[in-house]
Amino acid sequence: MTRSVLSPYVSPWHRKPNMRRYGPPVKRTTPADSKLVTDLAALLRSIPLRDGMTLGFHHHLRNGDWVLNMVLDTAASLGFRNLTIASSSFFPVHAPLVEHIKNGVVTGLDTDYMTGPVAEAVSRGLLKEAVAMHSHGGRARALECGELRVDIAFIAASAADERGNLSGLEGPSAFGSLGYAFSDAEFADVVVGVTDTLLPYPLIPASIPQHRVDFVLKVDSIGDPKGIVSGTTRITRDPVGLVIAKNAARAVAASGLVKDGFSFQTGAGGASLAVAHFLGQHMAKEGITGSFLMGGITGYLVDLLEKGLFTSILDVQGFDLEALRSLKSNPRHVEVGASQYANPLNSGCIVNALDCVILGATEIDTDFNVNVSTGSTGAIMGGSGGHADAAAGAKMTVIVTNLLRARLPIVRDRVTTRTTPGDTVDVLVTERGIAVSPARPELAERFKEAGLKVRDIHDLKKLAESMAGTPKPVAKGEKTVALVEYRDGTLIDEIKQVKD
């Protein structure tokens, strides 16, 4: 896959949509045709798969995914080479991919997030070509605009029927929303639904409809349910984390945004869930009913919906069994796709309607730029996901983090990798105080009036360094191992090879 030269990032809304949507080839299926197949090798030959193609995958199976490994093992056994893998995320379960890179089966990666052995190998320069790293909305945009061309999309579905209606709601591997696969289904040249559970036609409701699916591959199992969903994601019990969460909830309450119709996004991390919990208590006390919830959907957000504190959940990805139950049973809990969620180049995505988003950080600098892509060594350990998308759309973006992590200051002069630009970040909440962007002086005044400790971000940096010292600059190699794209497709940063 040949990548075009990216223009540099300028500002969140600088790039103009001067292009048209890409269209996949027109196909047909006659009444006598069957989409159902059980032999993956035969399917790859018949499509046909060719050297140099780009294969698409989604990450709703998370660390329980067996589909990506299954497809690549089969492609390798058939002798295919020079493939690009465009998966919305890579997890530790995808460790076999490292050998496929070493053997030349895979020579390119395109993703929104990566962690585990694949991220480690990329960080050390294993791939000849730099990885393209998008946001979730940016990946949807790239597919729609034809900047990312997927030849064959493999869409893991926990249930399907023989004509290609796909769902993530039924079967032993059920995981919930299929939202991150919607764009692959719409714009890939060939779409293969992969399932371990065939149900009678018509499968209702279908997340992805039959007219977007060319083949249905029946396999023994698409993944390990223990790695897909696991009971309930829990609120942090860490005393410092709870202090941060309480202060963040107080800041959101003091912002003036929390009133009837309030919309809110948070992730599935322990501190973020605690913010949602404390904010829910405030809303219940004040008799406030919010509009919609978004983010990594968990039982805690479902609880806010079922208590009547919010009127709806818009779900692009579920994280636990309660999210799955609610999506199946509650008509106010609705599945949405990645483009509707966060694509900046369409007629209006959901993040543009957000009042507030709570996000994390591995680093933040004194210009409020945020890193969620690399760790303290400079190695890849994440990626934007929806981070840059939600920050750009929300009226108020709040970063919650400890002032120190692993005895290292989080506030820096300059982040190692810029994932989310500072001009879309408003507030930093730590256990030692709250910093507010100079662009939002009215928030600083409201927080002070509410009795919150507001501090200059430079003072927080000095405080952290007084406790843990000034961190040494990360040693970087010359080779660029990843290109960090902003959500509009411009280049916001490069990740260099880690020096051992």
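This is a predicted model: local features need pLDDT of at least 70, side-chain atom pairs count only at pLDDT 80 or more; totals for chains, interfaces and linings use all residues.
Biologist: Does Thr 197 count as buried or exposed, and at what relative accessibility?
Modeller: Leaving aside neighbours within four places in sequence, Thr 197 is in contact with Ser 158, Ala 159, Ala 160, Gly 171, Pro 172 and Lys 218. Since buried means under 20% relative accessible area, Thr 197 counts as buried because its relative accessibility is 14%.

Biologist: How many Å lie between the backbone oxygen of Ser 158 and a polar atom of the side chain of Thr 197?
Modeller: Ser 158 is one of the residues in contact with Thr 197, and here the pair consists of a backbone atom on one side and a side-chain atom on the other. From the backbone oxygen of Ser 158 to a polar atom of the Thr 197 side chain, the distance is 3.4 Å.

Biologist: With which side chain does the side chain of Arg 440 make a polar contact?
Modeller: Arg 440 sits in the loop between strand 23 (433-436) and helix 14 (441-449), and at 19% relative accessibility Arg 440 counts as buried, the cut-off being under 20%. Apart from its neighbours within four places in sequence, Arg 440 is in contact with Lys 395, Met 396 and Asp 426. The polar contact of its side chain, at 2.6 Å, is with the side chain of Glu 442.

Biologist: Which residues does Ile 101 touch, not counting residues up to four places away in sequence?
Modeller: Ile 101 is part of helix 3 (residues 96-102) and is buried, with a relative accessible area of 8%. Its C-alpha atom is separated by 9.3 Å from that of Ala 121, which is 20 residues apart from Ile 101 along the chain. Once residues up to four places away are set aside, Ile 101 touches Val 106, Leu 109, Leu 126 and Leu 127.

Biologist: What covers the buried residues of helix 10?
Modeller: In helix 10 (residues 299-306) the buried residues are Gly 299, Leu 301, Val 302, Leu 304 and Leu 305. Just after this helix, Gly 308 takes a positive phi of about 80 degrees. The cover over the buried residues of helix 10 includes strand 11 (264-266), helix 9 (270-286), strand 12 (290-295), strand 13 (310-315), helix 11 (321-329) and strand 14 (333-335).

Biologist: How many residues apart in sequence are the parts that the pair of Phe 57 and Phe 154 ties together?
Modeller: The count of aromatic pairs comes to five. Phe 57 and Phe 154 form one that is stacked, with 5.5 Å centre to centre and 15 degrees between the planes, and both of these residues are buried. Phe 57 lies in strand 2 (residues 54-57) and Phe 154 in strand 6 (residues 152-157), so the parts that the pair ties together are apart in sequence by 97 residues.

Biologist: Which residues form one aromatic cluster?
Modeller: A pair of aromatic rings is described by the distance of the centres and the angle of the planes. The residues that form one aromatic cluster are Phe 262, Phe 264 and Phe 310.

Biologist: Which element gives the largest share of the lining of the largest pocket?
Modeller: The largest pocket has a volume of about 1,100 Å³, and of the 42 residues that line it, Tyr 113, Gly 267, Ala 268, Gly 269 and Gly 360 are the closest to its centre. Helix 8 (239-254), strand 11, helix 9 and strand 15 (356-359) are the elements that give two or more residues to this lining, which divides into 15 nonpolar, 25 polar and two charged residues. The largest share, three residues, comes from helix 9.

Biologist: How many charged residues are in the lining of the second largest pocket?
Modeller: About 520 Å³ of space lies in the second largest pocket, and of its 24 lining residues the closest to the centre are Thr 29, Lys 35, Gln 210, Val 213 and Asp 214. Its lining divides into 11 nonpolar and five polar residues, and the charged residues number eight.

Biologist: Which strand gives the largest share of the lining of the largest cavity?
Modeller: The count of cavities of 30 Å³ or more comes to three, and about 50 Å³ of space lies in the largest cavity. Its lining, which includes Thr 377, Lys 476 and Glu 494, divides into four nonpolar, five polar and three charged residues. The largest share of that lining, five residues, comes from strand 25 (residues 491-498).

Technical notes: Residues are numbered from 1 along each chain as its sequence is written. Side-chain values use heavy atoms; hydrogens and water are left out. Helices (H or I, at least four residues) and strands (E, at least two) are DSSP runs, numbered from the N terminus. Buried means under 20% relative accessible area, exposed over 50%, partly exposed in between (1.4 Å probe, protein chains only). Contact means heavy atoms within 4.5 Å. On a 1 Å grid over the protein atoms alone, a cavity is a set of points where a 1.4 Å probe fits but cannot get out, and a pocket is an open set with protein on both sides within 12 Å along at least five of seven lines; lining residues have an atom within 4 Å of a point. Grid points are joined across faces, edges and corners, and a volume is the space filled by probe spheres set on the points. Ala, Val, Leu, Ile, Met, Phe, Trp, Tyr, Cys and Pro count as nonpolar, Asp, Glu, Lys and Arg as charged, and the others, Gly among them, as polar. A polar contact is a pair of N or O atoms within 3.5 Å; within protein, one must be able to donate a hydrogen and the other to accept it, and residues adjacent in sequence count only if both atoms are side-chain atoms. Rings of Phe, Tyr and Trp (its six-membered ring) pair if their centres lie within 6.5 Å; planes under 30 degrees apart count as stacked, over 60 as edge-to-face and the rest as tilted.
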